[in-house]
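Here is a walk through one structure, from a pair of helices to a salt bridge and then to confidence. Please keep the sequence and the 3D view open while reading.

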Amino acid sequence: MIVVVVLAALASVYVVAGAPIALAVLGVQVLYLLKLRKWWLLAAQAALVYTTSVAGGVSTGILGFLAGALLLTRARVLAPLVVASAALIDAARGGATADATITVVLVALVVFGLTRLVERAGEMHAARLSLAAAAVGAERLRLAAELNDGLGRSLEVIVDGGRRALAEPDGAADVLASVTATARAALADARAASANYRATSLAPELVTARAMLAAAGIAVEVRGGHTEPLGPGGALLASVLREAVTDVLRRGTARLCVIETSEQGDRVRLRVVDDGHRTAEGPGFDGLRLEEAGGTLATGLSPTGRFVVEATLPRSPSIEAPPGETGAGDARAPESSAEGGRRRFPPKIAGDASYAVAVTVLAAVLVGFSVKALLQLPGALVVPAAACLAVIVVMQLRSVNGRHMVALGVMAVLTYAPVPVFGPVWLGAAGFLAGPVLLAFPWRAAWPTAAAIVASVAGAGMLFGLPAPVLANSTISALVTGLVVYALLRLAQIVKELQAARESLARSAIVEERLRAARDLHDLLGHSLAAILLTCELARRLGCPPERVEEIVAMAEGARADLRSVSGEQRELSLAAEMESARTVLSAAGIRVTVEPVEPNLPAEVETVLGAVLREAVTNVLRHSEARHCVITMRADESGLRLRVRNDGARPGETRRGSSGIGNLTTRLAALDGRLTSHVDGDRFTLDACVPHRAQVPARIRIEPAPDRAAPLDPAGP
């Protein structure tokens, strides 16, 4: 729409000059704007403009439409010939040849520049998704190379060691000892890499915090105002948020918690406010070292009696992640690379020359208008006028990067103050002022102000006693110049905004890919490595029985598939297979569990998410409890399909509310509109995952513990 208005304004100059055929020229140009570029259209336009100029005696500037159209086609080499012909026509008339030639060039540049910028903007907008996909593809290749180089080698060692232990029973104990050490190191590397991949983003912790607070019956408001990725500082802010939310949950007296993030210059601020405190005593953050990272941390009661935790950090501090968040070994994320400890998001993107093209066209048009004005001044005034115009052009180019009121004030002074010195010729400078004014203010103020500027040209022209045709030409020229400048400025801004938007989309896509890798590392590969380590230790205690060693080899082979999934290869989990795996792993740890083979009729995505929930639940049972019983139930009710895992032997004080595993599962379930809740009752821990109905499911599926002398767990418990 902007381009059409500007082209119409250009054509109106010739219509006012007595050439209504210029409207037909405008129509052809609009067809070019719509990418209808046929040879016969060029021929028709050539006939129109030359007829209007030669036979109708209209200014040769109208030939600029044809030259601009030629620049948009493969026949662009003919554009200089059109400019030359305009000069010859004007010379034959005895007119100002230089001025006419500059006018043709300016019109051609405006037509070409505006049309090309609209096309570039459309191309950039259309390419934003493919760019994000390319960024994700590059990140997956990097992740695959990094993980295969570290964890992949470890899994190969485990598989080869297991096969060697089967082939050489006499040395199996020594081989399994080495395999156990490798599995332990690989598990540590996987957890460290998962933490480091998560460290660039605060988003997962915000999701987890919302879910945990809501599950505890606390009203929660999350106001995210930061831009991802945060870099290494994301891990520190995530730790602050985790500790603050854990404290709110531990106290259990809050009714409302507000979590807010914002950006202030080059700093990111996290603020957590709750109404459950009665004293100034808050959570402890002794191990977070925000000061070393150039950040600040403040806690205390507000004047309204609410407890406030506020942390700020530079956007990209060159720091190590906090204790427990750093990685070790070959699998760590490359935050400590040779690039100064930071990873670039995203890599340099091709096609960013569009903004340079926009600014170049704008500069060329501004210079062209300036030269036209200088040609009409006496020699003694050319130098001071050129100096004033140079300042105006610089101020105009600054307007591309936003509203600069000082620059606007300077342009206003240079527009009106020199008029008594330079005379009526300087009235055209008002067009330079009208363009930025349209950008600097809201529409309700911008258009009246621009209209007043154009009216001032007419008023000053009357004071100078200009003839009516000259007065009309000066006024219309100021209006057209203002619209041209505005259009070029605005399109340059649009190109820059689109460039920033697609780079932001690519950065977000990379962050999402790293978070996906972090979830899969923790939930899939982490579980597999934990199971391998547990089986290795059990096999060594039992004297390396072949059946256990075969289990280790099979688990390592499965872990290889998990590694491929982490690296970006889509892998669907089978819920029945995960239940059988849960039986094997829990039984190997001495936990009584009965598994009934089931094949629920569920969508693949639901099976995959619930399979990941079951993996994490089993891992938590092994890591965070001294369980003797575990009950796993699945049932369909009015709210959807519910997977529940309950175990006894929960250790006091280990609520697991802030763990990355719970956060990962919360994020996975949220993608299916599901939810995750957890509950501790004495020494019994319950994890509930609910997914809304999306497919027909069995009414009830149960996996119960085998009978034991101790009191059994009630599958229908809380």
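Helix 3 passes helix 5 in a right-handed crossing (right-handed if the near helix is turned clockwise from the far one by less than a right angle, left-handed if anticlockwise). Helices (H or I, at least four residues) and strands (E, at least two) are DSSP runs, numbered from the N terminus. The axes of helix 3 (residues 39–55) and helix 5 (residues 79–93) come within 11 Å and cross at roughly 15°; axes are lines fitted to C-alpha atoms, for helices over the stretch in contact, and angles run from 0 to 180 degrees between N-to-C directions. Helix 3 is therefore roughly parallel to helix 5, a term for angles under 35 degrees. Y50, S53 and V54 in helix 3 are in contact with V82, S85, I89 and R93 in helix 5, contact meaning heavy atoms within 4.5 Å.

The model is predicted: local features need pLDDT of at least 70, side-chain atom pairs count only at pLDDT 80 or more, and totals for chains, interfaces and linings use all residues. Residues are numbered from 1 along each chain as its sequence is written, and side-chain values use heavy atoms, with hydrogens and water left out.

There are 12 salt bridges, each a side-chain nitrogen of Lys or Arg within 4 Å of a carboxyl oxygen of Asp or Glu. One of them joins E537 and R184, at 2.7 Å from N to O. E537 lies in helix 17 (residues 468–541) and R184 in helix 8 (residues 172–198), 353 residues apart.

The chain's mean pLDDT (the predictor's confidence in each residue, from 0 to 100) is 76. Confidence is lowest in strand 10 (residues 700–703), at a mean of 40, and highest in strand 3 (residues 267–274), at 90.

Conventions:
Angles under 35 degrees count as roughly parallel, over 145 as roughly antiparallel, 65 to 115 as roughly perpendicular and the rest as oblique.
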